[in-house]
Amino acid sequence: MHPLEILEFPDPRLRTVASPVKNITDEVAKFTERLLFTMYDASGIGLAATQVNFHQRIIAIDISETKNEPLILINPIIIEGAGEIESKEGCLSVPGFYEPVKRFSEIKLEAISVNGESFSLEASELLGICIQHEIDHLDGKLFVDYVSKTKRQLIRKKLKKANASRSGSK
């Protein structure tokens, strides 16, 4: 299996709002396997379908140290959020940058599993932060949207320069 291409900021496709998954087909199940494979290959803890240019509401997460506790969320919806936590976040679509972001410290969400079963989940700490971060991707939002405009422009400029030098060396 080959990893999918992860889009990088400021690629405009990252701003696409993902559509709900209507039916969980074999193709959707196979896509979730590739999404997990891509996330593990990139040493990430979360990856949204939008980041690989597939604009449906699917998220892959695994915050375990051993990378053997995958969580797939299809059509995730946060139904409740409480408290506030600030932590430094990074992103596979914004490589090399880590910035403080404020999020709910606890969330309750509803989602659908790859087996088509609806379920509820309560999450806090790293799992809660990761879920909120990935849902932002499904809504066309990036963690750099939480930083100042000046800092966001600096990150954009540095990533464009890095991408240009990678492209030029091929």
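Mentor: Begin with how elements are assigned: helices and strands are DSSP runs, numbered from the N terminus. Gly 81, for instance, lies in strand 3, which covers residues 71-82. Keep in mind that this is a predicted model.

Trainee: How many helices and strands does the protein have, and in which pattern along the sequence?

Mentor: The secondary structure comprises 3 helices and 7 strands. Their order along the sequence is α-β-β-β-β-β-β-β-α-α. The radius of gyration is 16 Å, close to the 15 Å that the globule rule gives for 170 residues, so the protein is as compact as a globular protein of that length. Its C-alpha atoms fill a box of roughly 45 × 40 × 30 Å along the principal axes.

Trainee: What share of the contacts joins residues at least 24 apart?

Mentor: Take contacts between residues at least 6 apart in sequence: 63% of them join residues at least 24 apart.

Trainee: Back to Gly 81: what does Gly 81 touch, leaving out residues up to four places away in sequence?

Mentor: With those neighbours left out, Gly 81 touches Phe 104, Glu 106 and Ile 107. By contrast, 23 Å separates the C-alpha atoms of Gly 81 and Val 21, which are 60 residues apart along the chain.

Trainee: Why does Gly 81 count as partly exposed?

Mentor: The class rests on relative accessible area: buried is under 20%, exposed is over 50%, and partly exposed is in between. Gly 81 is partly exposed because its value is 32%.

Trainee: Is Arg 103 buried or exposed?

Mentor: Arg 103 counts as buried, because its relative accessibility is 7%. This residue belongs to strand 5, residues 94-103. Its side chain makes a polar contact of 2.8 Å with the side chain of Glu 89. Beyond four places in sequence, the residues that Arg 103 touches include Gly 83, Ile 85, Ile 129, His 133, Phe 143 and Tyr 146. Across the protein, 41% of the 170 residues count as buried.

Trainee: Which residues form a nonpolar patch on the surface?

Mentor: The patch consists of Ile 45, Ile 63 and Leu 126, with about 220 Å² of accessible area together. Patch members need over 30% relative accessible area. Ile 45 is partly exposed, at 32%, and is found in the loop between helix 1 (26-41) and strand 1 (46-48).

Notes: Residues numbered from 1 in each chain as written. Predicted model: local features only at pLDDT ≥ 70, side-chain atom pairs only at ≥ 80, totals over all residues. Heavy atoms only, no water. Patch = residues over 30% accessible without salt bridge, like charges linked within 9 Å, V, L, I, M, F, W, Y side chains within 5 Å. Areas by Shrake-Rupley, 256 points an atom, 1.4 Å probe, with all protein chains shown as cover. Salt bridge = Lys/Arg side-chain N within 4 Å of Asp/Glu carboxyl O. Helix = DSSP H or I, 4+ residues; strand = E, 2+ residues; numbered from the N terminus. Buried < 20%, exposed > 50% of the residue type's maximum accessible area, 1.4 Å probe, protein only. Polar contact = N/O pair within 3.5 Å; in protein donor to acceptor, adjacent residues only side chain to side chain. Contact = heavy atoms within 4.5 Å. Rg over C-alpha atoms; globule rule 2.2 N^0.38 Å.
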